Amino acid sequence: MHMLNLGILAHVDAGKTSLTERLLHSAGVIDEIGSVDDGNTRTDTLAMERQRGITIKSAVVSFPLDGVTVNLIDTPGHPDFIAEVERVLGVLDGVVLVISAVEGVQAQTRVLMRTLQRLRIPTLLFVNKIDRSGARHESVLREISARLTPAIVPMGTATGLGTRAARFTPCPGPDGALDVLTGHDDALLSAYVENTVTDAALRGALVTQTREALVHPVYFGSAATGAGVAALLTGIETLLPAADGDADGPVCATVFKVDRGPAGEKVAYARMFSGTLRIRDRVPFGADGAEGRITGISVFDHGTDTRADSVAAGRIARLTGLGDIRIGDAIGEPRKAYEHFFAPPTLETVVVPGPDAHRGALHLALTRLAEQDPLIGLRHDERRQETSVSLYGEVQKEVIQTTLADEYGLDVTFRETTPLCVERPVGTGQAVEFIKKDPNPFLATVGLRVDPAPVGSGVAFRLEVELGAMPYAFFKAVEDTVRETLDQGLHGWQVTDCVVTMTHSGYWPRQSHAHQGFDKSMSSTGADFRGVTPLVLIEALRRAGTRVHEPMHRFRVEAPADTLGALLPFLAGLAAVPETTGNRDDLCVLEGTVPAARVHALEQRLPGLTRGEGELESFFAHYAPVTHGAIPERPRTDHNPLNRKEYVLNVTRRMSG
């Protein structure tokens, strides 16, 4: 039986989890359809998901479909949990992107579709809620064509919109698809010119081009009533590609989710791309090539996960035994580097423990949360005894708070959310410290030059000294320390888009005395290079200068035209810059950029400014120099190489201790 790993994606509240329930019911896996409102759906198992009626964690459930076994992955729709979606994308064979027939194309719909197209993941579109008041057909198709992709093939027509009697009638053949399909198929175009096109040729072209993610079939229906779901199931079976992979090949799998079992053991959700894993197999995993023994395997079948002795290519499994496994790790042979498809978090907040919350327990709990969501970056300040977490938005902050209370018994609050800025060098700067020349207390010579690099290039480390001039371990100590030091620039923010070049090097060889051991006071060690490098690098950065850049979001506001007079001054007060203004009927459309720190304020005030009729979509666009107010500073968590005296005192004390 073929396998298909299928993702269900959507903007929040488009009906994604309800569609999952309907698909499971139609396949005979569940007898009764769960309700998001009642909190009894199959895939929303967390208490918070049931309380809030939103998906927070991705969930896997399986169902049979004639000759195909479908592993269906329900993902969050709220943008605060985009990291959950990101991890799933790399393991999918196909996607159903759900769109509301009432709200149409929404902000997250566009973000998801852009990513699906970039990754070339075959995608079917399901326009849900045709039974709801305000449901639309032709205008939604126009929206999809204008705002998502023109390469769509309507697979039928919807009638009775806005009533419980709403129905979807499939076309007998892919009518209306000729113009779209001939754009990617020269043979079909020639047949059209010669008037020899057959339904079979059209159907074959539709299958081929859908599986190559060139076109996207569109279905209408209702998860609530079941209208159109049978047609969608047929499309899933016939139009999306089955999972491939050689079960006899080398083991190759990717971990897309990490959870904890009842006893606290790590459970890794992995997609098998090649080979077969068996219980008691020893396998390498992760970037460092650590090894672990598989102690348990569960596979998904008929709506549940069942114990198995092995799992082969194409399947998804829950694996135990790999204690240090992390999300994104490869198991066996690496397939490709773990990619980030969406922007990183752009906000940060400090977690404040309640009076009865033990700091050690809080740190352990936050570490475990970060295991399950690697984009929740933790930053611990030993001196202030504070831990910061990076976030996508306020809802995510509330979920972290509830999780800490419900699962770990920890009462916490948060400080005000602030933007996560970056620093970029504005010029070139260099510095050098020589062995035992005042004021260098370290047995190491290090010279570094910092140059600006193109935006988005990250950090590069290069050598202008001979690699054989000193032991490789010392060069490695310098490079690792450079990257670590760049996490906190002159203003405390991560420094990026630069090239750091090592211009000077020098060391004292290992010294010893007759009948005595190693003389540390006369021999260079890795600690010397790790100690002096931050001083040199920070001085080079000081001479180069850095500029703080804040995260900016691209926004699109759609509001009644007569509210423009109230909207524009408010946007100006947020330091937002409208770049284009358009009109559609009696609506105005504003597009531009706004600081990420001000998006939440815009979300809160927009309804009041637009009589509740304004719609906002926003997503990360780029980093821009801070031009308003004071330059934001971030408290340092290192030994502060900006203060040489304090730094040397702390580091030499640590080295001697």
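Me: Before we look at side chains, how do I read buried, partly exposed and exposed?

Reply: Buried means under 20% relative accessible area, exposed means over 50%, and partly exposed is in between, with a 1.4 Å probe and protein chains only. Take Glu-613: at 45% relative accessibility, this residue counts as partly exposed. One caution about the source: this is a predicted model, where local features need pLDDT of at least 70 and side-chain atom pairs count only at pLDDT 80 or more, while totals for chains, interfaces and linings use all residues. Residues are numbered from 1 along each chain as its sequence is written, and side-chain values use heavy atoms, with hydrogens and water left out.

Me: Thanks! What counts as a salt bridge, and how many are there?

Reply: The rule asks for a side-chain nitrogen of Lys or Arg within 4 Å of a carboxyl oxygen of Asp or Glu. Applied here, that rule gives 20 salt bridges. One of them joins Glu-613 to Arg-611, at 3.6 Å from N to O. Elsewhere, Arg-449, Asp-451 and Glu-464 are linked in a network of salt bridges.

Me: Which salt bridge does Asp-480 form, and where do its two residues lie?

Reply: Asp-480 pairs with Lys-476, and their closest N and O atoms are 2.9 Å apart. Both residues lie in helix α12 (residues 472–485), four residues apart, or about one turn of the helix. Helices here are DSSP runs of H or I with at least four residues, strands are runs of E with at least two, and both are numbered from the N terminus. Asp-480 is partly exposed at 37%, and Lys-476 is partly exposed at 34%.

Me: What about Glu-479 and Arg-483 in that helix?

Reply: Their side chains meet in a salt bridge of 3.3 Å, N to O. Glu-479 and Arg-483 are four residues apart in α12, so about one helical turn separates them. Glu-479 has 25% relative accessibility and Arg-483 has 36%.

Me: Now the strands. Which strands pair with β31?

Reply: Two strands pair if DSSP finds at least two bridges between them. Strand β25 (residues 422–425) runs antiparallel to β31, joined by four bridges; here Arg-424 has Arg-547 of β31 as its bridge partner. Strand β34 (residues 615–625) pairs with β31 in the antiparallel sense over 10 bridges, with Arg-554 partnered by Phe-619 in β34. Strand β33 (residues 587–595) is also antiparallel to β31, through nine bridges, and Arg-556 stands opposite Glu-591 in β33.

Me: Is β31 mostly covered or uncovered?

Reply: Strand β31 (residues 546–560) is mostly covered, with 13 of its 15 residues buried.
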